[in-house]
Each structure stands twice: as C-alpha cells, then as structure tokens.
Amino acid sequence: MTFSIEPATAPGVTDLLRLSDEFAFALYPADSCYLLDVSELAAPGVTVVVARSGEEAIGVGALVERGDGSAELKRMFVRADARGRGIASGILTALEEVAQAHSITTLQLETGPLQPEAIALYEKHGYRRIPAFGQYVGDDFSVCMAKTLG
C-alpha cells in the first residue's frame, strides 16, 4: 500500500471521484453534496493524496489550504471493496503531514450524519464536532469537525 501526492488527473483518480460522487448522491440531496471536481482539485493550494495497491487507485483525499493557517479536508473516499483495511487512516495521516509541512494549524472538514464510520474515523484521529462553518451553515445533512495540529 502506498500513499502519495498525485495530480487529480492521475490514473484511476477520476474513477475514484466518480464513485465518491455516486456514494454521496445516494445518501444525500444534491444541494447537500459539496464535492470538488477535478479542476478544483487541480487549483493552487490543493494537495491530493492517493492510496494505491500496486498500480490501482483505491482511495483519495484532498487538503484545501485557505491561506490563513487553516485548511479543509475534502473528497475523502475509499473504494467499497477496500474499506476496513486502514486506508482512510493512511490518507488522513498523509494529509495531516502535508498540512504540518505547510504550517497549517487548524484542519476542518464536513461529512454527513449518515456516515457513522467516517465520523468514527475522524474522532479516532482527534477531530471534534464544531458548529457548521462556511457553506455548510444551515444544512441539516452536514456534520462539521476540526482538529488543531501541534
């Protein structure tokens, strides 16, 4: 298993993003799905981490820097047939390492109430629930979390 920084257009990543979209739209209304597309993931200040088993992309996550010492985690997703193997934890750890290297002190994220496994993963890694922020304010399908990096 490898975890590496790759472009959003790397082989297999667009397929993961499509699967992530399908997963999100199966759980939540479209206006509660805050998914960055490939062009947004290729923007300056965005780092994409890809988990691979051999050559096969099986997980992805992104760090979106805000320029104020904070960043948001986006597009965390592991293929269904690869879940339960610590891949999401590996992606999360890699993104936190990138954040620390870029002097990010606060990480925030948004997930949904119908994803208890995701919430448990973030809590296990020290994230705590916070009031909704930014575009998530007022969305009953948003669960916002944050972690201070030391």
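Student: Why is Tyr122 called buried?
Tutor: Its relative accessibility is 6%. Buried means under 20% relative accessible area, exposed over 50%, and partly exposed in between, with a 1.4 Å probe and protein chains only. Tyr122 therefore counts as buried.

Student: What kind of model do these values come from?
Tutor: This is a predicted model, in which local features need pLDDT of at least 70 and side-chain atom pairs count only at pLDDT 80 or more, while totals for chains, interfaces and linings use all residues. Residues are numbered from 1 along each chain as its sequence is written, and side-chain values use heavy atoms, with hydrogens and water left out.

Student: What makes Tyr122 and Tyr127 an aromatic pair, and what makes the pair edge-to-face?
Tutor: Rings of Phe, Tyr and Trp (its six-membered ring) pair if their centres lie within 6.5 Å; planes under 30 degrees apart count as stacked, over 60 as edge-to-face and the rest as tilted. The centres of Tyr122 and Tyr127 are 5.8 Å apart and the planes make 70°, an edge-to-face pair. Tyr127 has 0% relative accessibility, so Tyr127 counts as buried.

Student: Which other pair is edge-to-face?
Tutor: Phe133 and Tyr136, at 5.1 Å centre to centre and 85° between the planes. Both Phe133 and Tyr136 are buried. Together with Tyr34 they form one aromatic cluster. The structure holds five aromatic pairs.

Student: Which residues of helix α4 are buried?
Tutor: In α4, residues 116-124, they are Ala118, Ile119, Leu121 and Tyr122. Helices (H or I, at least four residues) and strands (E, at least two) are DSSP runs, numbered from the N terminus.

Student: How do you know that the buried residues of α4 line one face of the helix?
Tutor: Seen down the axis of α4, they fall within an arc of 160°, so they line one face. The arc is that of the directions from the helix axis to the C-beta atoms. An α-helix has 3.6 residues a turn, so residues three or four places apart point the same way. On the other side of α4, Glu117 and Lys124 are exposed.

Student: What do the buried residues of α4 pack against?
Tutor: They pack against β4 (70-78), α3 (87-101), β5 (106-111), β6 (128-130) and β7 (143-148), where contact means heavy atoms within 4.5 Å. Just after α4, Gly126 takes a positive phi of about 95°.

Student: Why is the contact between Arg52 and Glu6 called a salt bridge?
Tutor: A salt bridge is a side-chain nitrogen of Lys or Arg within 4 Å of a carboxyl oxygen of Asp or Glu. For Arg52 and Glu6, the distance from N to O is 2.8 Å. The pair links distant parts of the chain, with Arg52 in strand β2 (residues 46-53) and Glu6 in the loop between β1 (2-5) and α1 (13-27), 46 residues apart. Arg52, at 9% relative accessibility, counts as buried, and Glu6 is buried at 14%.

Student: What makes Glu56 partly exposed?
Tutor: Its relative accessibility is 42%, so Glu56 counts as partly exposed. Arg79 has a relative accessible area of 17% and is buried. The side chains of Glu56 and Arg79 meet in a salt bridge at 2.7 Å, N to O. Glu56 lies in strand β3 (residues 56-65) and Arg79 in the loop between β4 and α3, so the pair ties together parts 23 residues apart in sequence. A network of salt bridges links Glu56, Arg79 and Asp81.

Student: Which parts of the chain does the salt bridge between Lys147 and Glu96 tie together?
Tutor: Their side chains meet at 3.1 Å, N to O. Lys147 lies in strand β7 and Glu96 in helix α3, so the pair ties together parts 51 residues apart in sequence. Lys147 counts as buried at 17% relative accessibility, as does Glu96 at 11%. The structure holds eight salt bridges.

Student: What makes β1 and β6 the edge strands?
Tutor: The open sheet of seven strands has the order β1-β2-β3-β4-β5-β7-β6, with mixed pairing. β1 and β6 each pair on one side only. Two strands pair if DSSP finds at least two bridges between them. Four bridges join β4 to β5, which run parallel.
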